[in-house]
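Reader: I would like to go through this chain with you. Please give the criterion behind each term as we go.

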Amino acid sequence: FPTRRSSDLADMRGNLINHQVEEAVASGLTAFRLGKKCYRGGLMVDYLVGLAVQGVTINELRQLVAQDQTARAEILRRLVPLLETGELAEEVIQRELGHIKSASRGYIGWITRLNFGQMMEPSVKAARQAALRTTAEQRLFVIHLALEMYRDEHGAWPDTLAELAPEILKKVPVDPYSNAPFVYRIENGAYRLYSVGRNLVDDGGEADETGLGPDMTYDLTTDDEEQ
């Protein structure tokens with residue numbers, strides 16, 4: 001599986017070098033689909049691996065856009081439908097909990113069931129937080145692409161994210177942490193876009209180099225562009 005994913009991403013880079021944008025996007029999204037498929041019917045460890053694969057692929061697509069902005073429309077067209085596919089974190093979590101309970105037998109099993117909630121709490125929390133972060137990254141990426149396409153079409157940023165639909169997006173994704181719109185505002189001719197993050201409070205877009213912090217950011221700027 002890792003070899004196949006690496007091959008898909010290598011194909012994406014090669015297609016981009018040859019200015020084959022559609023083929024580059026297709027190769028990248030094949031890797032993204034593999035990330036979705038690898039935890040189908042699996043347990044939390046499979047789910048976390050799948051999320052990691054999706055994260056790597058989104059970063060590669062971000063690099064692709066930085067090199068060739070004509071890829072934006074093709075990525076949106078093909079990526080957005082994929083974001084709503086696959087199993088939810090809670091489905092995977094409940095499957096693992098059920099698997100452990102059913103496998104617990106005898107005295108050790110009784111002890112396991114007695115302390116089950118406390119034992120599993122760290123793993124369950126990690127899976128839920130990873131799901132929220134990955135979902136937020138993916139949705140922020142999509143909105144960034146849509147915002148830049150909107151500016152190309154209208155010559156200015158929209159006043160609100162709602163203006164992106166239905167012209168560019170059928171519907172604007174919401175912040176998975178708050179289940180409300182992402183924070184968006186215009187400042188000095190540029191825009192700010194971020195998630196309120198796990199504390200559910202708008203801290204003004206404060207984040208660290210990882211995109212985390214009180215708030216969570218994820219933009220189209222690549223590391224190479226920042227240097």
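Author: Start with contacts, meaning heavy atoms within 4.5 Å. Among contacts in the chain between residues at least 6 apart in sequence, 58% join residues at least 24 apart. This is a predicted model, where local features need pLDDT of at least 70, side-chain atom pairs count only at pLDDT 80 or more, and totals for chains, interfaces and linings use all residues. Residues are numbered from 1 along each chain as its sequence is written, and side-chain values use heavy atoms, with hydrogens and water left out.

Reader: Why are α2 and α3 called roughly antiparallel?

Author: Axes are lines fitted to C-alpha atoms, for helices over the stretch in contact, and angles run from 0 to 180 degrees between N-to-C directions. Angles under 35 degrees count as roughly parallel, over 145 as roughly antiparallel, 65 to 115 as roughly perpendicular and the rest as oblique. Helix α2 (residues 21-37) packs on α3 at about 165°, with the axes 7 Å apart. That makes α2 roughly antiparallel to α3.

Reader: Which residues of α2 and α3 meet?

Author: From α2, the contact includes Ala24, Val25, Gly28 and Leu29. From α3, Gly50, Val53, Gln54 and Thr57 are among them. By class, this contact of α2 with α3 has 9 nonpolar, 5 polar and 1 charged residues. Ala, Val, Leu, Ile, Met, Phe, Trp, Tyr, Cys and Pro count as nonpolar, Asp, Glu, Lys and Arg as charged, and the others, Gly among them, as polar.

Reader: How do you know how α3 runs relative to α4?

Author: Helix α3 (residues 44-67) and helix α4 (residues 71-83) pack at about 150°, with their axes 9 Å apart. That angle makes α3 roughly antiparallel to α4. Ile58, Leu61, Leu64 and Val65 in α3 meet Ala71, Arg72, Ile75 and Leu79 in α4. By class, the contact of α3 with α4 has 7 nonpolar, no polar and 1 charged residues.

Reader: Why are α2 and α4 described as roughly parallel?

Author: Their axes come within 10 Å and cross at roughly 20°. α2 and α4 are therefore roughly parallel to each other.

Reader: What is the hand of the crossing of α2 and α4?

Author: A crossing is left-handed if the near helix is turned anticlockwise from the far one by less than a right angle, and right-handed if clockwise. α2 passes α4 in a right-handed crossing. The crossing of α2 and α3 is left-handed. α3 also passes α4 in a left-handed crossing.

Reader: Is Ser27 buried or exposed?

Author: Ser27 lies in helix α2. Buried means under 20% relative accessible area, exposed over 50%, partly exposed in between (1.4 Å probe, protein chains only). Ser27 has 12%, so it is buried. Buried residues make up 42% of the 227 residues in the chain. Ser27 and Thr57 are 30 residues apart in sequence and 9.9 Å apart in space, C-alpha to C-alpha.

Reader: Why is Arg78 called partly exposed?

Author: Arg78 is found in helix α4. Its relative accessible area is 25%, so Arg78 is partly exposed. Not counting residues up to four places away in sequence, Arg78 touches Glu22, Val25, Ala26, Leu29 and Arg33. Arg78 and Leu29 are 49 residues apart in sequence, yet 7.8 Å apart in space, C-alpha to C-alpha.

Reader: What makes β1 and β2 a pair?

Author: Two strands pair if DSSP finds at least two bridges between them. Strand β1 (residues 183-187) and strand β2 (residues 190-194) have 5 bridges, in the antiparallel sense. Arg185 stands opposite Arg192 in β2, and Glu187 stands opposite Ala190 in β2. The hairpin of β1 and β2 has 2 residues between the strands, and Asn188 takes a positive phi near 55° there.

Definitions and conventions
Helix = DSSP H or I, 4+ residues; strand = E, 2+ residues; numbered from the N terminus.
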